[in-house]
Amino acid sequence: MLEEALKLLKKITEHSYDAYIVGGFVRDYILGIESNDIDINTNATPKQIREIFEDSCLPSEDYGSVTVIFKGIRFEITTFRKELTYVNNRKPVEIEYINNLYEDLIRRDFTINTLCMDQDGKIIDMLEGRKDIDKRLICTVGDATSRFKEDALRILRAVRFATILDFNLSKEVIEGIKNTKNLLHNLSYYRKKEELDKIFTSPNYKNGIKLLLELGLDEELEIPNLKKVLDSNTSSLIGIWSILNVTDKYPFNKNELELIEKINLAIKFDNSDPMNLYHYGLYVNSVAAEIKKEDIKPITEKYAKLAIKSKKDIDINSATIMKLLNKAPGKYLKDIYDDLEIKIINNELINDKEEICKYICEKY
Ligand code: ATP
Ligand code: MG
């Protein structure tokens, strides 16, 4: 992937523009972390980039950057820029293209995200990013408080990078967050959730949560249950959001909403009960048990032993039942299936066609 990226840089520089890999990829490369997302910056304008890569550009989503598919890989190519005015502590509303790498780097959030790599693989470090990587420290480019005021999302990005990379926040960053954390209210719940999801899915999520609590961000993010996540055994993202219980504010898709609702219901019952296992499934019951800090081993074992996992598994079809009772189709079929289901799950009836037929003839 790096090889292709360097070839892409060469192609741009052959047209006598400057181009570098910048940001996360270089940071992760130095840390020995594999990264699939390569950002390129250049003094060529989006129009000039489109001319170089003709057919391989995707329609632009983001003003000022071009997505190019080069040798089967997707690259985000962004023109050097200055960000002039910010609105609502998020997103610059006005940008200016510039012809200067340094100027482009000082608008970036953290020093560790300002490292560049040129077409020969040489690292360019204008803002001492390398030193901070070695110290495992998150430092803003410039004054922390002003940078967080410009864009409050950077507060969450700081915590996210500290969590994922297992880095520390610099004293200035901690101070800056304390000064500006109330601005998190201005961010959309969608943005906040994106960052929180990245924190919660990190193997280091517990430290991330501790950091959010230490900084008092739970209150600003309106997730008062955050501390309870540390008191639980769940590391599942949906489990964590179930504990946070904020579906009235944060956006979730239909599937997530359904799971969260089921988990919060399942917490109230015995998760190794066969009927609950049958109705809510292994995942919901396991997560509910993890939240309650219960052992999930018996749950897994009992689930594996369930005689049926769904109605479809019942060893008889409607045609056989109708023939057996000599009746036309009707609502009674559903009643029989409901009855069979309960009997089989509770091991009061064996899931075997002959046994089921015998039972139906006796009872109906
Ligand atoms: P990753 O891709 O691993 O999430 P990244 O550092 O590449 O991390 P991106 O969101 O892809 O993050 O952004 C690319 C680069 O753009 C960053 O490295 C940083 O230099 C800059 N950047 C991104 N978001 C901001 C921001 N809110 N404020 C300032 N600079 C930013
Ligand atoms: Mg990136």
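Select ligand 1 first, together with its shell: 15 residues surround the ligand, and the closest of them are Arg 27, Asp 37, Asp 151, Arg 154 and Arg 160, where a residue belongs to the shell if one of its heavy atoms lies within 4 Å. This is a predicted model, in which local features need pLDDT of at least 70 and side-chain atom pairs count only at pLDDT 80 or more, while totals for chains, interfaces and linings use all residues. Side-chain values use heavy atoms, with hydrogens and water left out, residues are numbered from 1 along each chain as its sequence is written, and chains are lettered from A and ligands numbered from 1 in the order in which they are written.

Next, show the polar contacts of the ligand, meaning pairs of N or O atoms within 3.5 Å. An N or O atom in the side chain of Arg 160 lies 2.7 Å from an oxygen atom of ligand 1, a polar backbone atom of Asn 113 is 3.0 Å from a ligand oxygen, and a backbone N or O atom of Gly 24 is 3.3 Å from one. Of the 580 Å² of accessible area that ligand 1 has on its own, the protein covers 77% (Shrake-Rupley method, 1.4 Å probe).

Now colour the shell by element and by residue class. Two or more residues come from each of α2 (24-31) and α7 (153-165), and α7 gives the largest share, 4 residues; helices here are DSSP runs of H or I with at least four residues, and strands are E runs of at least two. The shell divides into 11 charged residues, 3 polar and 1 nonpolar, with Asp, Glu, Lys and Arg counted as charged.

Then move to the open sheet of 6 strands, which has mixed pairing and the order β3-β4-β2-β1-β7-β8; two strands pair if DSSP finds at least two bridges between them. Its edge strands are β3 and β8 (123-124), each of which pairs on one side only.

Select β4 (residues 73-79), in which 5 of 7 residues are buried (under 20% relative accessible area, 1.4 Å probe, protein chains only). Strand β2 (residues 38-42) pairs with β4 in the parallel sense over 5 bridges, and Asn 41 has Thr 78 as its bridge partner there. Strand β3 (residues 65-70) runs antiparallel to β4 and is joined to it by 6 bridges, with Val 68 opposite Phe 75.

Conventions. A polar contact is a pair of N or O atoms within 3.5 Å; within protein, one must be able to donate a hydrogen and the other to accept it, and residues adjacent in sequence count only if both atoms are side-chain atoms. Buried means under 20% relative accessible area, exposed over 50%, partly exposed in between (1.4 Å probe, protein chains only).
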